[in-house]
Amino acid sequence: AMSIDKTVGLMLPCSVTVYDNGDGSSTVSVLDPMAAIGLLSNPALEPMALTAKTRLSVAVERLRHLAPA
């Protein structure tokens with residue numbers, strides 16, 4: 001499925017996908033946990049989703065600093 005559309009990985013159980021663009025660069029896609037939890041309509045899950053969103057945001061920001069300019 002990812003050979004057809006690399007973003008389909010976002011629909012898999014993981015919420016992060018990384019793929020090689022074929023030109024020496026990579027792309028990281030992250031599904032917003034708050035949006036995913038919103039599909040379940042269960043407010044009890046929101047604190048966990050917010051924690052996950054915060055942690056994923058930190059990780060993505062760190063990756064941005066590692067990327068060559």
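This is a predicted model: local features need pLDDT of at least 70, side-chain atom pairs count only at pLDDT 80 or more; totals for chains, interfaces and linings use all residues.
Which residue in β2 does Val18 stand opposite? Select Val18 and look across to the other strand: the residue there is Val28.

**The whole chain**

Begin with the complete chain in a cartoon view. Two helices and two strands are present, and they follow one another along the sequence in the order β-β-α-α. Colour the chain by pLDDT: the mean is 81, and 81% of the residues reach 70 or more. Among the elements, β2 has the highest mean pLDDT, at 89, whereas α1 has the lowest, at 83.

Next, display the surface. The accessible area of the chain is about 5,400 Å², and carbon and sulfur atoms contribute 63% of that area. Of the 69 residues, 13% are buried. Among contacts with a separation of 6 or more, 13% are made by residues 24 or more positions apart.

**The hairpin**

Select β1 (16-20) and β2 (26-30). These strands pair in the antiparallel sense over 5 bridges. At one of these bridges, Asp20 is partnered by Ser26 in β2. Now move to the residues that join the strands. The hairpin has 5 residues between β1 and β2, and Gly22 takes a positive phi near 85 degrees.

Show the side chains of β1. In a regular strand, side chains alternate between the two faces of the sheet. Thr17 and Tyr19 lie on the covered face of β1, while Val16, Val18 and Asp20 lie on the uncovered one.

The elements giving two or more residues to the patch are β1, β2 and α2 (46-66).

Centre the view on Leu66, which is found in helix α2. Is Leu66 buried or exposed? Its relative accessible area is 69%, so Leu66 counts as exposed.

**The salt bridges**

Side chains of opposite charge can pair when their charged atoms come close. The chain has 2 salt bridges.

For one of them, select Lys53 and Asp32, whose side chains meet with an N to O distance of 3.2 Å. This pair links distant parts of the chain: Lys53 belongs to helix α2, Asp32 belongs to the loop between β2 and α1 (33-38), and the two are 21 residues apart. Lys53 is partly exposed, at 33% relative accessibility. Asp32 is also partly exposed, with a relative accessible area of 28%.

For the other, select Glu61 and Arg64, where the closest N and O atoms are 3.2 Å apart. Why are Glu61 and Arg64 separated by about one helical turn? The reason is their spacing, because they are 3 residues apart in helix α2. Arg64 is exposed, with a relative accessible area of 56%, whereas Glu61 is partly exposed, at 36%.

**A final view**

Technical notes: Residues are numbered from 1 along each chain as its sequence is written. Side-chain values use heavy atoms; hydrogens and water are left out. Helices (H or I, at least four residues) and strands (E, at least two) are DSSP runs, numbered from the N terminus. Buried means under 20% relative accessible area, exposed over 50%, partly exposed in between (1.4 Å probe, protein chains only). Two strands pair if DSSP finds at least two bridges between them. A salt bridge is a side-chain nitrogen of Lys or Arg within 4 Å of a carboxyl oxygen of Asp or Glu. pLDDT is the predictor's confidence in each residue, from 0 to 100. Contact means heavy atoms within 4.5 Å. Accessible areas come from the Shrake-Rupley method with a 1.4 Å probe; for residues, only the protein chains shown count as cover.
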